[in-house]
Amino acid sequence: MRRQELDIQLKTPEQIVKMRAAGLVVHAALEAMRDAVAPGVSTADLDAIAEKTIRDAGAIPSFKGYHGFPASICASVNEQVVHGIPSAEQILVEGDLISLDCGAILDGWHGDSAITVGVGETDPALLRMAEVAEDSMWAGIAAAARGAANGRGRLTDISFNIEKVIRKAGRYGIVDGYGGHGIGTEMHQEPHVLNHGKPGRGPRLIPGMALAIEPMITLGSPRTLELSDGWTVVTRDGSRAAHVEHTMALLDDGVWVTTALDGGRARLGDLVTARQP
């Protein structure tokens, strides 16, 4: 079913269960890569680990071939914000910060998630930035759950709560022009979900909506540029960046974070649906 205002695809509870299956594949791939991150490992090595995990589960990498993207993951190191192309020549070194973004298709439904990981001994300021990005993501998801429950939620309530957590935590840049998105039978659907803005705007948050929430922040300026490869987005000032993401779906009794192993229970408590198996 489509909600016509922005052509937002609304999912049935049964379809959200299928999205959960895809989400668990993505979770497994990200955890396999997290365990493998170490000095001396290439981003191509991580891509191979993710692809094997996804295909062994009977799923298909969402990213590979998407508008010509050549790999199964985006691996963005240090000043690379998003869409970094894995390479055998890009070898991780002690102190790097890497964002790993992964998607999978299972039975026609998508999961999409990202983590930011330090390589070996990492500057605590970088790890703190990744933690702030994660906290802001969960704040946005919680706002969506509360707004859907009370019937007053709007899309930009997510954006506002993401920004509020980041601003309160310190002087981080919030990358503009990139953000979250609807997800379902396609990886990218309407609506676009900004990581900043005023609350109370945009379409209502209602059961059946599925969104990928993905803050991207920097230690410096939020301004970015795209490299000549046509994919990799980097900070203009060379500052380090962090990117995290989860896929979430709204049901009539709560939210389900389909790419989190516990469905989001540890961070969201009773806001999580009781339906999840």
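Q: What does Tyr 172 touch, leaving out residues up to four places away in sequence?
A: Tyr 172 touches Arg 128, Met 129, Val 132, Ile 166, Arg 167, Ile 217, Thr 218 and Leu 219. Contact here means heavy atoms within 4.5 Å.

Q: Before we go on, what sort of model is this?
A: It is a predicted model: local features need pLDDT of at least 70, side-chain atom pairs count only at pLDDT 80 or more, and totals for chains, interfaces and linings use all residues. Residues are numbered from 1 along each chain as its sequence is written, and side-chain values use heavy atoms, with hydrogens and water left out.

Q: Back to Tyr 172. Where is it found?
A: Tyr 172 is in the loop between helix 4 and strand 8 (173–174). Helices (H or I, at least four residues) and strands (E, at least two) are DSSP runs, numbered from the N terminus.

Q: Is Tyr 172 buried or exposed?
A: Tyr 172 is buried, at 11% relative accessibility. Buried means under 20% relative accessible area, exposed over 50%, partly exposed in between (1.4 Å probe, protein chains only).

Q: Now helix 3 and helix 4. At what angle do they pack?
A: Helix 3 (residues 124–150) and helix 4 (residues 155–169) pack at about 150 degrees, and their axes are 8 Å apart. Axes are lines fitted to C-alpha atoms, for helices over the stretch in contact; angles run from 0 to 180 degrees between N-to-C directions. Helix 3 and helix 4 are therefore roughly antiparallel. Over 145 degrees counts as roughly antiparallel, under 35 as roughly parallel, 65 to 115 as roughly perpendicular and the rest as oblique.

Q: Which residues meet there?
A: In helix 3, they include Arg 128, Val 132 and Ala 139. In helix 4, Ile 158, Ile 162 and Ile 166 are among them.

Q: New topic. Where does UniProt place the "binding site" feature?
A: The unreviewed UniProt entry places it at Asp 112, His 181, Glu 214 and Glu 245. UniProt positions use the numbering here, feature names are shortened, and annotations may be inferred rather than shown by experiment. They are spread over 134 residues of sequence, yet they cluster in space, with a largest C-alpha distance of 10.6 Å.

Q: Where is Asp 112 found?
A: Asp 112 is in strand 7 (residues 109–118). Asp 112 is buried, with a relative accessible area of 2%. Among the residues Asp 112 touches are His 181 and Glu 245.

Q: And Ile 16, which helix is that in?
A: Ile 16 lies in helix 1 (residues 13–36). Ile 16 counts as buried, at 1% relative accessibility.
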